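Subject: Structure handover, helix packing

Hello,

Here is the structure I promised. Please load it and follow along with the notes below.

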Amino acid sequence: MSSILASVVTTTRTVTASASSSPSATLRATPQGGILEGANPSQYDSKNPIILFIIQAGIIIIFCRLLHYPLSRLRQPRVIAEVLGGIILGPSVMMRIPGFRNAIFPTAANPNLNLVANLGLILFLFLVGLEVNMRMFLSNWRVALSVGLAGMILPFGLGCAIAWGLYHEFRNDPGTVPIKLGVYMLFIGTALSITAFPVLCRILTELKLLSTSVGVTVLAAGVGNDVVGWILLALCVALVNNGSGIAALYVLLVCVGWVLFLVYAIRPGFMWLLRRTGSIQNGPTQAMVALTLLLVLTSSWFTGIIGVHPIFGAFLVGLICPHDGGFAIKLTEKLEDLVSVLFLPLYFALSGLSTNLGLLNDGITWAYVIGVIAVAFSGKIIGGTLAARANKLVWRESLTIGVLMSCKGLVELIVLNIGLQAKILSTRTFTIFVVMALVTTVSTTPLTLSLYPQWYQKKLDAWKRGEIDWDGNRLMPEGGDSSPERSIEKMKSTQVRRLLVYLRLDSLPSLFTFITLLGGDRSAVTTKVHKSKTELKTVPEGVASSTDSIAIGSNRPLEVHGVRILELTERTSSVMKSSEVDEYTYRDPVVNAFRTFAQLNNVAVSGGVSIVPEDSYAETITSLASDHFSDLVLIPWTDPISTTEMDSTIDSLSSGTQDAFIQKTLETASCNTAVFVNRGFGGSIPIESRSLSRTLSGISLRSRREAPTPPVADRSHHVYFPFFGGVDDRVALRFVLQLAQNSNITVTVIHFNTPIQSGFSKGADVITEPARVVGGHASAGHLTINERVDTETLYADAGQDATLVHTLRDTLPPTLANRVVFVDVATATPIPDCLRHARQEVGQSPRNAGDLIIVGRGRHSRISESLEHSSNAEMKKTLGAVAETLISGGVRASVLVIQAGGRGLDA
């Protein structure tokens with residue numbers, strides 16, 4: 001007995017000693033040296049989970065970005081790369097590597113990753129609600145209702161049908177809870193009938209379908225589809241979370257009450273605060289952003305605690321936010337990058353981590369994969385196509401609408417994740433539906449391009465306007481006006497009457513001056529007298545009132561259409577601007593300033609904003625020029641050096657992008673095109689950056705006050721035009737004479753006669769290398785022989801050029817004879833001589849409103865330019881050798897480069 005007691009005491013002392021030593025070990029401070037003390041950064045620590053989270057987030061983001069690069073070349077949305085990245089990182093591929101899951105994605109760390117991903121999901125659904133513009137649905141409610149309902153009812157019915165088989169085949173899979181067949185059918189029907197509205201907006205914008213009947217129909221139907229889909233999902237979750245039907249009914253009624261509370265109680269007060277703080281006009285203040293996010297979190301919390309998923313509450317707050325004044329777009333700009341770059345990849349990568357393609361391991365499972373994909377396609381395509389056809393769209397348009405409505409995208413994945421979390425779906429059925437979502441989303445863009453290509457869109461538009469029959473035969477002349485007077489005018493007139501201007505913020509002052517000159521002299525305006533000081537006089541019938549003649553000009557005014565092109569990016573705000581482009585145009589300050597100025601200066605004006613990808617700028621300009629039957633397209637050239645210091649020129653192009661854009665525009669031009677290089681035209685001189693200078697009382701840069709810029713007293717301009725011959729120069733010459741009709745302009749036209757080389761059975765094409773400026777003086781260029789050209793053609797072209805110059809010189813009206821001078825110069829070095837005469841002609845009146853040099857781009861019959869020995873080879877390739885020499889030669893004048901196109905080629 002004594003031995004037993006001794007052993008117990010000994011054991012007690014040992015346990016006590018170990019227990020007493022344990023606290024000292026746990027109280028030991030955490031090593032501060034990290035990996036320097038041998039700590040493993042990938043080891044999960046519940047007290048410091050941020051280290052492993054950063055590793056997980058970094059791997060997911062980098063992996064998804066790398067996958068998106070090749071997929072973007074195939075015009076696939078980013079969500080495809082994010083889901084595929086998750087699948088590769090998950091049990092299908094990477095997690096098959098021993099130790100990978102425990103090292104990078106341990107089970108204990110999943111709650112932290114899920115928390116951040118679900119917070120991002122709440123913010124993303126708020127952005128989806130912001131993107132939904134209910135006015136689009138209401139303004140097109142008839143077609144939206146029919147296409148939206150047909151695009152949901154048929155897929156919902158087919159989904160319920162296939163749900164019967166899925167329920168009986170996979171209901172006993174691990175990871176599911178027992179649910180009724182009706183609830184399961186409701187969820188599967190909802191999953192198959194929903195359309196991914198955010199992805200749909202991006203596809204329509206990228207394919208330039210937003211303004212077409214297809215785009216308007218799909219967007220309007222997508223809005224209704226999206227709202228109804230989330231309501232059905234909320235009902236399904238409520239039924240799953242509540243065992244009895246009466247509890248689910250109470251949840252639904254409370255949810256409806258919350259919606260009414262948000263619309264009729266919260267929204268009016270929210271709108272009052274937005275107006276009070278000026279957030280609608282000027283963008284949300286920081287306080288209003290904080291208030292909005294609090295509303296999002298509160299609404300998410302409330303819908304979460306009543307048994308509906310928290311994302312539904314965030315979506316509702318997005319719906320009640322106003323779109324007036326671009327508020328929704330500006331609020332989206334403040335949140336979208338963090339959500340799309342960090343949060344969303346985590347969420348959709350988690351979807352991939354939950355996807356196990358290895359579970360698709362038998363024939364019946366693959367049969368259901370094919371069946372689900374077939375149901376997803378057929379239900380949406382058949383329903384949407386028949387509904388669109390019932391609204392009198394042609395069959396091909398209707399089929400395109402059906403294909404677009406079948407896009408699932410990220411909204412489908414959100415629905416599937418909710419089903420997985422609610423244990424409605426097993427991992428196997430979840431994988432089946434993820435494969436379906438990927439297939440339908442990947443297929444949408446290529447199917448749309450094949451069904452509704454650009455050539456078919458143009459043919460359909462012309463057919464709807466009555467310009468052609470269905471076989472493509474033209475029913476009326478181009479230009480939309482079949483009157484004989486218009487036809488005669490188009491044949492005889494070579495003047496610019498319709499001008500398309502590419503608007504950029506940094507180029508507005510010079511464009512204003514140029515358009516004012518092109519509009520001609522303004523009509524004389526008599527002194528106004530107040531109506532109370534004049535007596536009404538009887539005007540005999542048939543005699544025009546003198547006051548009426550003041551406002552009416554004798555000539556048709558110049559018609560100018562200004563277009564501002566903004567880059568379409570992957571950001572949600574950019575897509576929202578594109579889908580609301582009419583309202584955005586109405587608010588755009590550049591277009592409004594241009595429109596107001598032109599109206600006050602004897603110019604008929606219209607304007608718009610186009611939001612397109614950067615590689616589509618040239619195509620957009622060419623298409624607009626054709627649509628407006630423009631005689632001339634005017635493109636401002638921006639000096640990249642000057643724009644680097646201007647923060648406001650958000651729509652300026654980089655040097656390489658600008659060269660590629662202008663070159664492509666000139667190659668595809670359907671009319672005459674001019675590139676304007678501004679060098680102080682209109683009296684606007686580039687502002688130089690201030691630098692500190694030593695003064696007696698100077699303290700800082702802010703102590704210097706800028707002197708006011710005096711008005712331009714001398715509004716005259718001198719135009720120098722070197723004529724070398726060729727179709728570009730002939731068009732430019734006629735344009736110079738039209739510009740000279742403004743009384744503030746004087747013109748010098750110098751006709752450079754270049755000798756034609758002889759001595760060959762075929763003539764020679766003469767290369768004139770540009771002059772090199774050394775020490776302020778131009779060295780002489782020289783001639784080299786590049787290739788043989790028919791001598792008779794050279795003489796014929798020279799004769800045609802000389803005839804045109806002499807005819808226009810001899811037929812100058814008296815109003816121009818005193819302001820326009822023609823000079824003939826014989827030279828064997830035309831480009832150096834052109835530079836020398838330019839220095840003599842322009843820049844002689846530094847106080848005037850700016851001089852201008854107009855040149856043809858350079859398709860001359862006797863002069864060909866080499867790109868060698870050029871200070872700026874890319875500019876020379878873009879603008880031509882003559883223009884590049886004048887710009888690089890330091891001539892103090894702006895330069896306008898003209899290329900003939902369309903009817904101008906017949907000049």
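A word on terms before the findings: an axis here is a line fitted to C-alpha atoms, for helices over the stretch in contact, and the angle is taken between N-to-C directions on a scale from 0 to 180 degrees. Note also that the model is predicted.

Helix 10 with helix 17

Start with helix 10 (residues 213-241) and helix 17 (residues 395-405). Their axes cross at roughly 35° and come within 10 Å. The crossing is right-handed. Helix 10 brings Ser213, Val214, Thr217, Val218, Ala221, Gly222 and Asn225 to the contact. From helix 17 come Glu397, Thr400, Ile401, Leu404 and Met405. Sorted by class, this contact of helix 10 with helix 17 holds six nonpolar residues, five polar and one charged.

An α-helix has 3.6 residues a turn, so residues three or four places apart point the same way.

Helix 5 with helix 18

Next, helix 5 (residues 110-131) packs on helix 18 (residues 409-421). The angle is about 135° and the axes lie 13 Å apart. Helix 5 is therefore oblique to helix 18. This crossing is left-handed. On helix 5, the contact uses Asn118, Leu121, Phe124 and Leu125. On helix 18, it uses Leu410, Ile414 and Gln421. The count for helix 5 with helix 18 is five nonpolar, two polar and no charged residues.

Helix 33 with helix 35

What is the angle between helix 33 (residues 830-841) and helix 35 (residues 881-888)? It is about 45°, with the axes 10 Å apart. That angle makes helix 33 oblique to helix 35. The crossing of this pair is right-handed. Ile831, Cys834, Leu835 and Ala838 of helix 33 meet Ala881, Val882, Thr885 and Leu886 of helix 35. Seven residues of this contact are nonpolar, one is polar and none is charged.

Helix 7

Helix 7 (residues 141-170) has 30 residues. From first C-alpha to last, helix 7 reaches 40 Å, close to the 44 Å expected at 1.5 Å a residue. Where is the kink in helix 7 centred? On Ile162, with a bend of about 25°.

Best wishes

Methods. Residues numbered from 1 in each chain as written. Predicted model: local features only at pLDDT ≥ 70, side-chain atom pairs only at ≥ 80, totals over all residues. Heavy atoms only, no water. Helix = DSSP H or I, 4+ residues; strand = E, 2+ residues; numbered from the N terminus. Expected span 1.5 Å × (residues − 1). Bend = angle between axes of the 7 residues up to and from the residue. Parallel < 35°, antiparallel > 145°, perpendicular 65-115°, else oblique. Left-handed = near helix turned anticlockwise from the far one by under 90°. Contact = heavy atoms within 4.5 Å. Nonpolar A, V, L, I, M, F, W, Y, C, P; charged D, E, K, R; others polar.
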